[in-house]
Amino acid sequence: MFSRRAELLEKNPPREGERVISTLKPYPAYKDSGVEWLGQVPEHWEVLPGRTVFREINDRGHPDEQMLSVTITRGVLRHYLAP
């Protein structure tokens, strides 16, 4: 999919000051995503659960940044460190 977009942009590059998104054409057909807030998506898109698209990353050692974790059942959780 990405290579197709890159190919289209190479053939029709945006003009000076023009945003790339304004050069993209609509998809030929759409379908209901089944998700109320999302609405219509291109017909050829697959709707997959997040666990099939994302992978687990365990990245530690950043004491100055807010530690987060994400679970299927509880969503995004903040971890509060003791002072």
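Leu-48, Val-53 and Phe-54 together make a nonpolar patch on the surface with about 350 Å² of accessible area. This is a predicted model, in which local features need pLDDT of at least 70 and side-chain atom pairs count only at pLDDT 80 or more, while totals for chains, interfaces and linings use all residues. Residues are numbered from 1 along each chain as its sequence is written, and side-chain values use heavy atoms, with hydrogens and water left out.

**Patch**
- Areas come from the Shrake-Rupley method with a 1.4 Å probe.
- Leu-48 lies in the loop between β2 (40-42) and α2.
- Leu-48 has a relative accessible area of 47% and therefore counts as partly exposed (buried is under 20%, exposed over 50%, partly exposed in between).

**Fold**
- The protein has 2 helices and 4 strands (DSSP runs of at least four residues, H or I, and at least two, E).
- Their order along the sequence is α-β-β-α-β-β.
- Of the 83 residues, 5% are buried.

**Largest pocket**
- The largest pocket has a volume of about 550 Å³ (an open set of 1 Å grid points for a 1.4 Å probe, with protein on both sides within 12 Å along at least five of seven lines; lining residues have an atom within 4 Å of a point).
- Its lining has 16 residues, of which Arg-55, Glu-56, Ile-57, Ser-69 and Val-70 are closest to the centre.
- β3 contributes the most to this lining, with 5 residues.
- The lining comprises 6 nonpolar, 5 polar and 5 charged residues.

Technical notes. Points joined across faces, edges and corners; volume = space filled by probe spheres on them. Nonpolar A, V, L, I, M, F, W, Y, C, P; charged D, E, K, R; others polar. Patch = residues over 30% accessible without salt bridge, like charges linked within 9 Å, V, L, I, M, F, W, Y side chains within 5 Å. Salt bridge = Lys/Arg side-chain N within 4 Å of Asp/Glu carboxyl O. Buried < 20%, exposed > 50% of the residue type's maximum accessible area, 1.4 Å probe, protein only.
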